[in-house]
Amino acid sequence: MSANRTRKNGVNGGNAVHLSNLKIVNGCLAFDVCSGKFHRISESAAFVISELKQQTPIAGIVSAYSQRYKISPAIAARDIELFLNDMSVTR
Amino acid sequence: MTKQVTIAISGLHRGDNPQPGPAVINSIRRRYPSATIIGLSYDLLESGLFSQGDDGVDAAYLMPFPTKGSEALLERLDEICQIHPLDIIIPCLDSEIPNYLDLTNEFKSRRIKIPSLTKKSFDQRSKDNLEQLRKAIGIRVPRTIAVSDLKAAYKACEEIGFPLFLKGKQYGAARVTTPAEAAHVFHSLMAAWGGPVIAQSAVRGSGDEYDVVGLGDGKGGLLGSCSIRKIMLTGNGKAFGGIVVADPTLQESVEKVIKKLKWSGPFELEFVKGRHGHELIEMNPRFPAWCDFPSQIGCNLPAMLVDMLLSRPMTPAAPCKAGRLFVRHCVDLVGDISQLAELSSGSITNDANPNPINNDFVLELVK
């Protein structure tokens, strides 16, 4: 899973991504309508962001993610946590 | 008696530092294909003179440089009006605006409409007054110091700290990182634009640049606007591509500025995203070179300006949808030496009619 995002100036440099502003375009691009920034994302990243936008609890996302990609819940949980840290997502 | 509206537009060169004129012409023709467009040109090789497309001119005249002053401008415009009586003039270059403001009453007596900007609001948005604007309305601006000699420039650089930007009063800017660079840039800007030169702190943060084009109603209201993030830049920092953003915080800053200045007519606000939000780095008193992009997605501000100047009902500007984007595309225009010869005598008239009249959109001016 990759978000291809470069963080600058500390945690988010005043540029945190707000989920409500984030649009997934064609399942492969994340576009922040507020900042105008866009990032190529993997299919699995698009899946996690879509779940977050639907307010799915993290435990639910981990479960769905592990089933979808046929991996253990522990690996799924670590994968998702790393991704969220990378995105600095503000829910 | 009725006649087609005749609109004079300047800033016709679309080089690597493109001027707004052809974009304004294209936008106006999107709604009013039959309008007669007169180009006001300062050089035989301004690229817009050679366009046969909808951004081309029906006729063009060589103009005295703005440094010649308002009397020379009026004299030339009077000559032009004898051949092509003008209904509207839309100046598209920063350096021209002061002369047009000086001639406001002359234009009124000649029944020529120009954007009704006041000298007060023009001065209030000036780069050397950004600090006052910050105090008045509480928007963020980078630290800015106006200087008139090299000693003061060095002092300002020391106070602000490198890197910083040195900017001409009306146009031009360069990033400087050492006192030696500062001296070179200071002298260049003074020679090109006169004083003062403005020393402006470089905004620390993401460095993302945002531009907003809009149209003020002169009463503090905004008739329409479009905000973009620059996604491609030319070597000198001009937008070569941009994407529409929908940021309520940015929009709030824009509305505050326009309300405070009671801005009338076109403007471009330039922001840089700093650590604590958008910082206003300058406000241009004209349409930007990318103003035909919003026109293509329903927010035709130049056509609205024409309606506003003619006191016609205005078609509301559609909000620009976040995610729409533009990428500039350069083309080679074909000309002929005979065009240069004709224009070198002062004017040129294009035989071709690039804009056949569409009766649905005939713009008539009742006199």
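How many helices and strands does chain B have? Chain B has 12 helices and 17 strands, where helices (H or I, at least four residues) and strands (E, at least two) are DSSP runs, numbered from the N terminus.

## About the model

This is a predicted model, in which local features need pLDDT of at least 70, side-chain atom pairs count only at pLDDT 80 or more, and totals for chains, interfaces and linings use all residues. Residues are numbered from 1 along each chain as its sequence is written, while chains are lettered from A and ligands numbered from 1 in the order in which they are written.

## Chain B as a whole

With a radius of gyration of 20 Å, close to the 21 Å from the globule rule for 367 residues, chain B is as compact as a globular protein of that length. The radius is taken over C-alpha atoms, and the rule is 2.2 Å times the number of residues to the power 0.38. The C-alpha trace spans about 60 × 40 × 40 Å along the principal axes of chain B.

Of the 367 residues in chain B, 46% are buried, that is, 20 or more other C-beta atoms, placed from the backbone, lie within 10 Å of the residue's own. Contacts require C-beta atoms, placed from the backbone, within 7 Å. Among those in chain B between residues at least 6 apart in sequence, 67% join residues at least 24 apart.

## Domains of chain B

Chain B is divided into domain 1 (2-114 + 335-366), domain 2 (121-125 + 205-327) and domain 3 (143-201); the bounds come from an automatic or database domain assignment. Taken over C-alpha atoms, the centres of domain 2 and domain 3 of chain B are 26 Å apart.

## A helix pair in chain B

Helix 1 (residues 21-31) and helix 11 (residues 301-309) of chain B pack at about 70 degrees, their axes 7 Å apart. Axes are lines fitted to C-alpha atoms, for helices over the stretch in contact, and angles run from 0 to 180 degrees between N-to-C directions. These two helices of chain B are therefore roughly perpendicular, a label for angles of 65 to 115 degrees. Helix 1 of chain B contributes B:V24, B:S27, B:I28, B:R30 and B:R31 to the contact, and helix 11 of chain B contributes B:P302, B:A303 and B:V306.

## A sheet in chain A

Chain A holds an open sheet of 3 strands in the order 2-3-4, with antiparallel pairing; strands pair if DSSP finds at least two bridges between them. At its edges are strand 2 (22-25) and strand 4 (38-40) of chain A, each pairing on one side only.

Key
Buried ≥ 20, exposed ≤ 12 C-beta atoms within 10 Å, placed from the backbone. Contact = placed C-beta atoms within 7 Å. Parallel < 35°, antiparallel > 145°, perpendicular 65-115°, else oblique.
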